[in-house]
Amino acid sequence: MKSSKAQIHARVHRLPELRFEDQRLTSHAGLVLLQALFRCIGLHDQLQRCFAHLSKGLIVGLPKVTMILVVPLMLGYRRLRDLDRYRDDPLVRRCLGLRRLPHVSTMSRALMRADREAVAKVQQLNRDLVLDRLQR
């Protein structure tokens with residue numbers, strides 16, 4: 001069954017409040033800090049510029065797919081198929097701004113649309129982010 005954009009994407013307007021007390025936290029609770037970092041550096045907006053010429057017509061665009069690849073790396077997952085292990089984690093979905101994570105095959109099909117220009121732009125973005133951080 002095909003989902004609409006409204007069923008997939010979620011708006012996140014503010015970061016959850018951190019309190020160090022006895023709470024029910026998921027094993028990925030540290031994603032709140034990554035979410036703040038991504039917002040601070042404007043990572044999603046920068047990725048949108050990298051894929052601006054390709055993202056038309058996709059429910060989950062290439063910027064979101066790229067974020068879905070970055071966040072699990074930060075969590076220690078290395079394989080795309082590991083998506084099934086954290087698919088239902090509310091903090092992962094919140095950090096990515098999604099109500100539901102796409103299936104692995106959906107992500108693979110979206111990644112096939114990336115061309116050399118998009119890859120070069122993402123590589124340049126990566127280089128710029130690293131050099132900016134080194135200069136600071």
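Because the model is predicted, local features need pLDDT of at least 70 and side-chain atom pairs count only at pLDDT 80 or more, whereas totals for chains, interfaces and linings use all residues. Residues are numbered from 1 along each chain as its sequence is written, and side-chain values use heavy atoms, with hydrogens and water left out.

The lining of the second largest pocket comprises 21 residues, of which L43, V70, L125, N126 and L129 lie nearest its centre; a residue belongs to the lining if it has an atom within 4 Å of a point. Two or more lining residues are given by each of α2 (31-41), α3 (43-50), α4 (62-75) and α8 (116-135), the helices being DSSP runs of H or I with at least four residues, numbered from the N terminus. The most is given by α8, with eight residues. By residue class, the lining divides into 17 nonpolar, two polar and two charged residues, with Ala, Val, Leu, Ile, Met, Phe, Trp, Tyr, Cys and Pro taken as nonpolar, Asp, Glu, Lys and Arg as charged, and the others, Gly among them, as polar.

Side chains of opposite charge can pair when their charged atoms come close. Across the whole structure, four salt bridges are found, each defined as a side-chain nitrogen of Lys or Arg within 4 Å of a carboxyl oxygen of Asp or Glu. One of them joins E117 to K121, at 3.1 Å from N to O; both residues lie in helix α8, four residues apart, about one turn of the helix. E117 is partly exposed at 40% relative accessibility, and K121 is partly exposed at 31%, under a scheme in which buried means under 20% relative accessible area, exposed over 50% and partly exposed in between (1.4 Å probe, protein chains only).

Another salt bridge links D82 and R85, with the closest N and O atoms 3.8 Å apart. Here D82 is buried, at 11% relative accessibility, whereas R85 is exposed, with a relative accessible area of 63%. The side chains of R87 and D84 also meet in a salt bridge, at 3.1 Å from N to O, with R87 counted as buried at 19% and D84 as partly exposed at 49%.

Technical notes
1 Å grid on protein atoms, 1.4 Å probe; cavity = no way out; pocket = protein on both sides within 12 Å on 5 of 7 lines; lining within 4 Å.
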